[in-house]
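Here's a quick briefing to read alongside the model. Keep the 3D view open and find each residue as it comes up.

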Amino acid sequence: MPLFYTPDIRLPLHKLDEPQSRHAVKVLRLRAGDGVRLTDGRGNMYEGAVEQASPTGCVIRVTGCEQEYGKRPYRLTMAVSPTKNPDRYQWFLEKATEAGCDRFIPLLAERSERRVFRAERGLRVITSAVQQCLNAYHPELAEPEDLAGLLSRGFSGQKFIAHCDQAYPRRHIADVIVPGGDYLMLIGPEGDFSPAEIEAATAAGFEGVSLGGNRFRTETAALYAVVAASIINR
């Protein structure tokens, strides 16, 4: 059954907005009686059926709900520097949503090549991935934040900074993640974090981690970390 992300869901009858209604009727060709799923992005997975198939306001009758649908045993926040090519960052948002991530923070570092982030496009990519993979949890996309600001805020879980500078101690990510935890992972720009940034993060309680022997692009390194967290918490 197709899934629609509806954070403002109303029970027992919910009307999809016009873009979703048009997609449901014109693209998916849903008709009265066809089964659908709705999610509010907060772990509730609703089941229902089309009551009225209209491209301007498709009405869904909700018949059931499963709470905490597909809930993962850990939480993950990825603070990742925007890539020079924005398509690569959007690719990361899509794949990380599919693999399992709770929050994204576009991270502005000293060597970041792009300092402007189009949040509207990023949100559309995340929502599309949520619906595609039948995810009942919609990741948050935070405002861009510089590294100094992020380091100054408290975080009670495990904190990691992935970098390639061998002058500073690192352990492989698989050796440091404690299953069932709350994680904050920093991924820098193509030119990596500067020594001053690594030292500042270390002083703020972040542990240096390695992602193996290969040197990755920013979006590849970020997805590697997301998948590693998922595997360790399998």
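The side chain of Asn233 makes a polar contact with the side chain of Tyr183, at 3.2 Å. A polar contact here is a pair of N or O atoms within 3.5 Å; within protein, one must be able to donate a hydrogen and the other to accept it, and residues adjacent in sequence count only if both atoms are side-chain atoms. This is a predicted model, where local features need pLDDT of at least 70 and side-chain atom pairs count only at pLDDT 80 or more, while totals for chains, interfaces and linings use all residues. Residues are numbered from 1 along each chain as its sequence is written, and side-chain values use heavy atoms, with hydrogens and water left out.

**Around Asn233**
- You'll find Asn233 in the segment after α6; helices (H or I, at least four residues) and strands (E, at least two) are DSSP runs, numbered from the N terminus.
- Asn233 is buried, with a relative accessible area of 9% (buried means under 20%, exposed over 50%, partly exposed in between, using a 1.4 Å probe and protein chains only).
- Leaving aside neighbours within four places in sequence, Asn233 is in contact (heavy atoms within 4.5 Å) with Pro73, Tyr74, Ile177, Pro179, Gly180 and Tyr183.

**Nonpolar cores**
- A nonpolar core is a set of buried Ala, Val, Leu, Ile, Met, Phe, Trp, Tyr and Cys residues joined through side-chain atoms within 4.5 Å.
- The largest one has 32 residues, and Leu76, Met78, Phe92, Leu93, Phe104, Met185 and Ile187 have the most contacts inside it.
- Which element gives the largest share of this core? That's α6, with seven residues.
- Not counting residues up to four places away in sequence, Leu76 touches Gly100, Cys101, Asp102, Arg103, Tyr183, Val226 and Ala229.
- There's also a second, separate core of 16 residues, which includes Ile105, Leu107, Leu147 and Leu184.

**Strand pairing**
- Strands β10 (residues 158-162) and β13 (residues 207-210) run parallel, joined by three bridges; two strands pair if DSSP finds at least two bridges between them.
- Look across from Ala162 and you'll see Val209 in β13.
- β13 also pairs with β11 (residues 171-172) in the parallel sense, over two bridges.
- His172 sits opposite Ser210 in β13.
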